[in-house]
Amino acid sequence: MLQAVPFARTLGFEFVEVAPETQGGVRAVVRLPDTPATHNHVGGPHAGAMFTLGETASGTVVMAAFGHLLDRAVPLAVRADIAYRKLAMGPVLATARLGRTPAEVVAELDAGQRPEFPVEVEIGTEDGTVTGTMTVVWTLRPNR
């Protein structure tokens with residue numbers, strides 16, 4: 001991901017985990033270190049950095065689940081919704097999970113459709129305190 005998405009390097013993201021889940025699902029955990037360059041006016045991570053963290057975690061899930069299809073389709077983020085629920089201090093983790101089974105998404109692609117699917121993201125501190133939630137809807141645009 002750091003090679004494919006240079007902006008992730010700019011913010012210093014660390015890829016903690018990419019792991020399989022039930023029914024072919026995927027979970028990814030990405031970490032934003034605590035650095036002054038990413039702070040906001042109250043000393044926590046800037047909202048833009050947290051948005052980018054969540055979107056990057058969602059993209060990691062998409063690439064883990066569907067990267068083998070890049071010769072057939074291009075993954076694209078369609079829209080995103082984020083809720084900042086609590087001030088985060090220190091390093092922040094984004095944990096992303098696929099909202100549909102990969103088999104469902106691939107079946108739609110195989111049927112000639114352009115599937116859309118959500119990736120749910122939980123953003124929080126290293127002690128497990130949830131500070132935000134995000135949903136990124138992705139599509140696989142068929143190569144034609």
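This is a predicted model: local features need pLDDT of at least 70, side-chain atom pairs count only at pLDDT 80 or more; totals for chains, interfaces and linings use all residues.

Trainee: Where does T95 lie, and is it buried or exposed?
Mentor: T95 lies in strand β4, which covers residues 92-98. T95 is buried, because its relative accessible area is 18% and the cut-off for buried is under 20%.

Trainee: What about L93: which element holds it?
Mentor: L93 lies in strand β4. Leaving aside neighbours within four places in sequence, the contacts of L93 include V16, V29, V30, R31 and L53. E122, I123, G124 and E126 are also among the contacts of L93.

Trainee: How far apart in space are L93 and A107?
Mentor: Their C-alpha atoms are 32 Å apart, while L93 and A107 are separated by 14 residues in sequence.

Trainee: Let me step back. How many helices and strands are there in the protein chain?
Mentor: The protein chain has three helices and six strands. Read from the N terminus, their order is α-β-β-α-β-β-α-β-β.

Trainee: And how does the radius of gyration compare with the globule rule?
Mentor: The radius of gyration of the protein chain is 15 Å, close to the 15 Å that the globule rule gives for 144 residues, so the chain is as compact as a globular protein of that length. Along the principal axes, the C-alpha atoms fill a box of roughly 50 × 30 × 25 Å.

Trainee: What share of the residues is buried?
Mentor: Buried residues account for 44% of the 144 residues in the protein chain. The accessible surface comes to about 7300 Å², and carbon and sulfur atoms contribute 54% of that area.

Trainee: Among contacts between residues at least 6 apart in sequence, how many join residues at least 24 apart?
Mentor: The figure is 67% of those contacts in the protein chain.

Trainee: Changing topic: how many aromatic pairs does the structure hold?
Mentor: The structure holds one aromatic pair. The rings are those of F66 and F117, with centres 5.1 Å apart and planes at 55 degrees, so the pair is tilted.

Trainee: Why is 55 degrees called tilted?
Mentor: Planes under 30 degrees apart count as stacked and those over 60 as edge-to-face, so the angle of 55 degrees leaves the F66 and F117 pair as tilted.

Trainee: Which parts of the chain does that pair tie together?
Mentor: F66 belongs to helix α2 (residues 47-66) and F117 to strand β5 (residues 116-125), so the pair ties together parts that are 51 residues apart in sequence. Both F66 and F117 are buried.

Trainee: Now the charged side chains. How many salt bridges are counted?
Mentor: The count comes to nine salt bridges. One of them joins the side chains of E14 and R31, at 2.8 Å from N to O. That pair links distant parts of the chain, with E14 in strand β1 (residues 14-20) and R31 in strand β2, 17 residues apart.

Trainee: What does R72 pair with?
Mentor: R72 meets D110 in a salt bridge, at 2.6 Å from N to O.

Trainee: Last topic, the surface. Which residues form a nonpolar patch there?
Mentor: The patch consists of V42, L87 and M89, which together have about 280 Å² of accessible area. V42 is in the loop between β2 (26-32) and α2, and V42 is partly exposed, with a relative accessible area of 46%.

Trainee: And where is L87?
Mentor: L87 is in the loop between β3 and β4. Leaving aside neighbours within four places in sequence, L87 is in contact with V42 and T131. The C-alpha atoms of L87 and G43 are separated by 9.4 Å, although these residues are 44 apart along the chain.

Terms used
Residues are numbered from 1 along each chain as its sequence is written. Side-chain values use heavy atoms; hydrogens and water are left out. Rings of Phe, Tyr and Trp (its six-membered ring) pair if their centres lie within 6.5 Å; planes under 30 degrees apart count as stacked, over 60 as edge-to-face and the rest as tilted. Helices (H or I, at least four residues) and strands (E, at least two) are DSSP runs, numbered from the N terminus. Buried means under 20% relative accessible area, exposed over 50%, partly exposed in between (1.4 Å probe, protein chains only). Patches are made of residues with over 30% relative accessible area and no salt bridge: like charges are joined within 9 Å, nonpolar side chains (Val, Leu, Ile, Met, Phe, Trp, Tyr) within 5 Å. Accessible areas come from the Shrake-Rupley method with a 1.4 Å probe; for residues, only the protein chains shown count as cover. A salt bridge is a side-chain nitrogen of Lys or Arg within 4 Å of a carboxyl oxygen of Asp or Glu. The radius of gyration is taken over C-alpha atoms; the globule rule is 2.2 Å times the number of residues to the power 0.38. Contact means heavy atoms within 4.5 Å.
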